[in-house]
Amino acid sequence: MGALDYLSNFCTVSPRSKRKPMQTVELKVKMDCDGCVRKVKNAVTSMKGVKTVDVNQKQSRVTVTGYVDPNKVLKRVKSTGKRAEFWPYVPYNLVYYPYVSQAYDKRAPSGFVRNVVQAFPSSPSNHDETITSLFSDDNPHACSIM
């Protein structure tokens, strides 16, 4: 046993706490004026681990990037007295059925629809079965080139 091993037994270093992963948190916050924007931005910027804060007053959208917990960001924004929730919209072009009930929202920003389960296809396995049966001899509507 070397001298460093002997001395390391006396010096215990606690392992660093695991760092939160870098993530982007999007919130929908009702902001009426520049003072509201400044209030929300200052509240979120002062949090530990926040790298960038982007506030879009026209869309009522706050985007926070950093090593943060999404629930803590939401709680901090709500502590300013503003009504806030997680961003409930997805881009229009990423949804298969944008006009399904509950997906189309008149209050949504242009180019966005509400993120609901019905707007996405039911299961990807059905799509795979359709492709495999396309060239099957058992399928009467199959490709006749082969």
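This is a predicted model: local features need pLDDT of at least 70, side-chain atom pairs count only at pLDDT 80 or more; totals for chains, interfaces and linings use all residues.
Is Asp32 buried or exposed? Asp32 is exposed, because its relative accessible area is 56%. Here buried means under 20% relative accessible area, exposed means over 50%, and partly exposed lies in between (1.4 Å probe, protein chains only).

Residues are numbered from 1 along each chain as its sequence is written, and side-chain values use heavy atoms, with hydrogens and water left out.

**The overall layout**

The protein chain has 4 helices and 6 strands. Read from the N terminus, the order of its elements is α-β-α-β-β-α-β-β-β-α. Helices (H or I, at least four residues) and strands (E, at least two) are DSSP runs, numbered from the N terminus. Of the 146 residues in the protein chain, 29% are buried. The accessible surface is about 11200 Å², and carbon and sulfur atoms account for 53% of that; such areas come from the Shrake-Rupley method with a 1.4 Å probe, and for residues only the protein chains shown count as cover.

**The inside**

A nonpolar core is a set of buried Ala, Val, Leu, Ile, Met, Phe, Trp, Tyr and Cys residues joined through side-chain atoms within 4.5 Å. The largest one has 19 residues, and Leu27, Val29, Met31, Val62, Val73 and Val77 touch the most other members. Two or more residues each come from strand S1 (23-29), helix H2 (34-45), strand S2 (50-56), S3 and helix H3 (70-78). H2 gives the most to this core, with 4 residues.

Now look at Val64, which is found in strand S3. Val64 is buried, with a relative accessible area of 0%. Leaving aside neighbours within four places in sequence, Val64 is in contact (heavy atoms within 4.5 Å) with several residues, including Val25, Val44 and Val73.

**The salt bridges**

A salt bridge is a side-chain nitrogen of Lys or Arg within 4 Å of a carboxyl oxygen of Asp or Glu. A search of the whole structure finds 2 salt bridges, shown here.

| Pair | N to O distance | Relative accessible areas |
|---|---|---|
| Arg61 and Glu26 | 2.6 Å | Arg61 16%, Glu26 28% |
| Asp32 and Lys30 | 3.3 Å | Asp32 56%, Lys30 44% |

Why does the pair of Arg61 and Glu26 tie together parts that are 35 residues apart in sequence? It does so because Arg61 lies in strand S3 and Glu26 in strand S1. Arg61 is buried, whereas Glu26 is partly exposed. Beyond its neighbours within four places in sequence, Arg61 is also in contact with other residues, among them Trp87 and Phe112.

**The outside**

Tyr92, Tyr99 and Tyr104 make a nonpolar surface patch of about 380 Å². Patches are made of residues with over 30% relative accessible area and no salt bridge; like charges are joined within 9 Å, and nonpolar side chains (Val, Leu, Ile, Met, Phe, Trp, Tyr) within 5 Å. Tyr99 sits in the loop between strand S5 (89-91) and strand S6 (112-114), and at 58% relative accessibility Tyr99 counts as exposed.
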